[in-house]
Amino acid sequence: MPRDTLTADRIVHAAIELLDEEGLDGLNMRSLAKRLGSAATAVYWHIKTKDDLVRLASDAIWHEVEAPGLATTDWRTAATAHATGMHAMLTRHPWLVQAFGNHLLHGPGQALHNDLSLTIYEEAGFTADDADRAAATVLTFVLGSALGPAAQVSLNRRLSRNGTDAERLMVDAMTRATETAAQFPRLRARLGTPAATEYAAAPDNTFAFGLQSLLDGFEARLTGERTGRRE
């Protein structure tokens, strides 16, 4: 494909597909150009470096997160919807969690949702400084919750690339982990649950439980501050 028939948007869309399939390690200009039916030099004409490409791809997928309607809902409902949307996006694109630790990510898509988070917690009644802290706390929780599934995808991909039987290695590792867990009473009592038999798995509803616990804490703090002001 000649370079003048390519666009940055087409390149970024193809990069997202490649990242979803192969992860950060599988993204390079040659593979991307092959997917586009182009020459690597034509891709470079639009996007100069892999870092730029990852930054643009990561920002594009932030637009998948639906913004809750703050004018028609309460802050807790908005906060729940927003955090859940971010978590779902990170689960669909597990490479983004890894990219946070390897690339300088920024752009209008991410900025839109950062601003929305601050708006939610200011609308709840937090001061600007505490809204910053609340938004950062929730984002950290969302990223941490997405880390387990992302690690599973990355590990399976790495093991398979090495020409090994990834499934067999995983079974062997979980067998040894189960033998270790059996030495500890509370872990032993939980053997057989999904969280104990699947690598990086968590108990059912862990994300919802953790998020609502955070928001409970925020609400209690706001209630205490309002009570203190009245007194």
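**Entry 1: around L53**

I started at L53 and listed its contacts beyond four places in sequence: I11, A15, L27, M29, L32 and I47. This is a predicted model, so I read every value here as computed. L53 sits in helix α4, which spans residues 50-61. Is L53 buried or exposed? Its relative accessible area is 1%, and because the cut-off for buried is under 20%, L53 counts as buried. I also checked a pair along the chain: L53 and W75 are 22 residues apart in sequence, and their C-alpha atoms are separated by 35 Å.

**Entry 2: R76**

Next I went to R76, which I found in helix α5, residues 75-92. Which residues does R76 touch, once neighbours within four places in sequence are set aside? I noted Q212, L215, D216 and E219. R76 has 15% relative accessibility, so this arginine goes down as buried.

**Entry 3: V97**

Then I looked up V97, placed in helix α6, residues 95-100. With 14% relative accessibility, V97 is buried too. Its contacts, again leaving out residues up to four places away, are L90, L143, A146, L147 and A150. I took one distance here as well: V97 and S58 are 39 residues apart in sequence, yet 9.9 Å apart from C-alpha to C-alpha.

**Entry 4: a charged patch**

Which helices supply it? Both α7 (108-124) and α8 (128-161) give at least two residues each. The largest share, three residues, belongs to α7.

**Entry 5: the whole chain**

Last, I zoomed out. How many helices and strands does the chain have? I get twelve helices and zero strands. The C-alpha atoms fill a box of roughly 70 × 50 × 25 Å along the principal axes.

Of the 231 residues in the chain, 34% are buried. The accessible surface is about 13300 Å², and carbon and sulfur atoms hold 55% of that.

Methods. Residues are numbered from 1 along each chain as its sequence is written. This is a predicted model: local features need pLDDT of at least 70, side-chain atom pairs count only at pLDDT 80 or more; totals for chains, interfaces and linings use all residues. Side-chain values use heavy atoms; hydrogens and water are left out. Helices (H or I, at least four residues) and strands (E, at least two) are DSSP runs, numbered from the N terminus. Buried means under 20% relative accessible area, exposed over 50%, partly exposed in between (1.4 Å probe, protein chains only). Contact means heavy atoms within 4.5 Å. Accessible areas come from the Shrake-Rupley method with a 1.4 Å probe; for residues, only the protein chains shown count as cover.
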